[in-house]
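Reader: I have a new model open on my screen. Could you walk me through it?

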Amino acid sequence: MEEIQDFETRLDLSNLTQKVETLKKKVKEIIVGNDHAIDLILTAIISDGHVLIEGVPGVAKTLMVKLVAKLISSDFSRIQFTPDLMPSDILGTLVFNMKSSEFEYRKGPIFSNIVLIDEINRAPAKTQSSLFEVMEERQITNDGTTYQMSKPFIVFATQNPIEQEGTYKLPEAQLDRFLFKIVLPYPSFEEEIEVINRHNLDKNMALLTEISALLSFQNIEEYRNLAKQVYVDDKIVKYIASIIHQTRLDPMIFLGASPRASINVLNASKAFALLRNRDFVSPEDVKFIVPNVLRHRIILTAEAEMEGFNSDSVCKRILDTIEVPK
């Protein structure tokens, strides 16, 4: 794509690059491995998107989100989802004020900048539905009154992929509201040794207490404005559309991705390009982003699952068949 190589307009990314490198360095002092997850979380913050993190217990899902929240100057709340949790426990409820003889709205823990929902799949559909409006429209309607969420507002949710007892499948409409689904694997042998050594020396707890915020709300707004100015060539747009369109034609896929997935791939690719210190989107950006956007959106046929395919392998197959723009 010669026209991109000759693109003259350049954005000033010096502040962003410095801040991001410092933030990633701080995270790596506590979190071992999972560099791709940190990149995706930062991409989601710049893209103003929610993140679903899946992994077996003990791979630092919650710690990763809490750490990122500490590095951002914003309010943070944590909600533990359980089978008996009610929508009012999340959104808030009307409380009668004896002094004024009137009902007052007492806001729930969802009213925060960064919200961590632990084990999101442990709550039933009624509780899950309470998140639909706030995740999509950044507002809550209670008793006819609408309450806007303060910026930034990002939901991070964790779930365990292996337990079936006491869990509920997330509705497709709710899954579609997450920008990314990040899967955290087991650490490698070398990483496991490093985790044990750090715990033995009690390094992590000491470092956690010393951490202070590196990013302000103004920084995030600045980076989001920069992301909107990232150049996207027409061939890249066509490339994204071709990938998403193919999910609706692939015989292994029962339900393909919606236009929301196309928009999410575009926005996330622009934010990821910034993290790579570029002011234009490359095909490699799109390739990195696509599996994380589609992983929770496409539904495979029963035959494909019986043959051992999963969302990631089908996404890879699609990416291998679509011609990469040059």
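Author: Gladly! Two strands pair if DSSP finds at least two bridges between them, and strands (E, at least two residues) and helices (H or I, at least four residues) are DSSP runs numbered from the N terminus. This is a predicted model, where local features need pLDDT of at least 70, side-chain atom pairs count only at pLDDT 80 or more, and totals for chains, interfaces and linings use all residues. Residues are numbered from 1 along each chain as its sequence is written, and side-chain values use heavy atoms, leaving out hydrogens and water.

Reader: What is the order of the five strands in the open sheet?

Author: Strand 2 (76-80) and strand 9 (178-183) stand at the edges; each has a single partner strand, so one side of each lacks a neighbour in the sheet. The pairing is parallel, and the order is 2-5-8-1-9.

Reader: Is I140 buried or exposed?

Author: I140 sits in strand 6 (residues 139-142). Leaving aside neighbours within four places in sequence, I140 is in contact (heavy atoms within 4.5 Å) with residues including L91, Y105, F111 and M149. Buried means under 20% relative accessible area, exposed over 50%, and partly exposed in between, using a 1.4 Å probe and protein chains only. I140 has a relative accessible area of 3%, so I140 is buried.

Reader: What distance separates the C-alpha atoms of I140 and I110?

Author: I110 is among the contacts of I140. The two residues are 30 residues apart along the chain, and their C-alpha atoms are separated by 9.6 Å.
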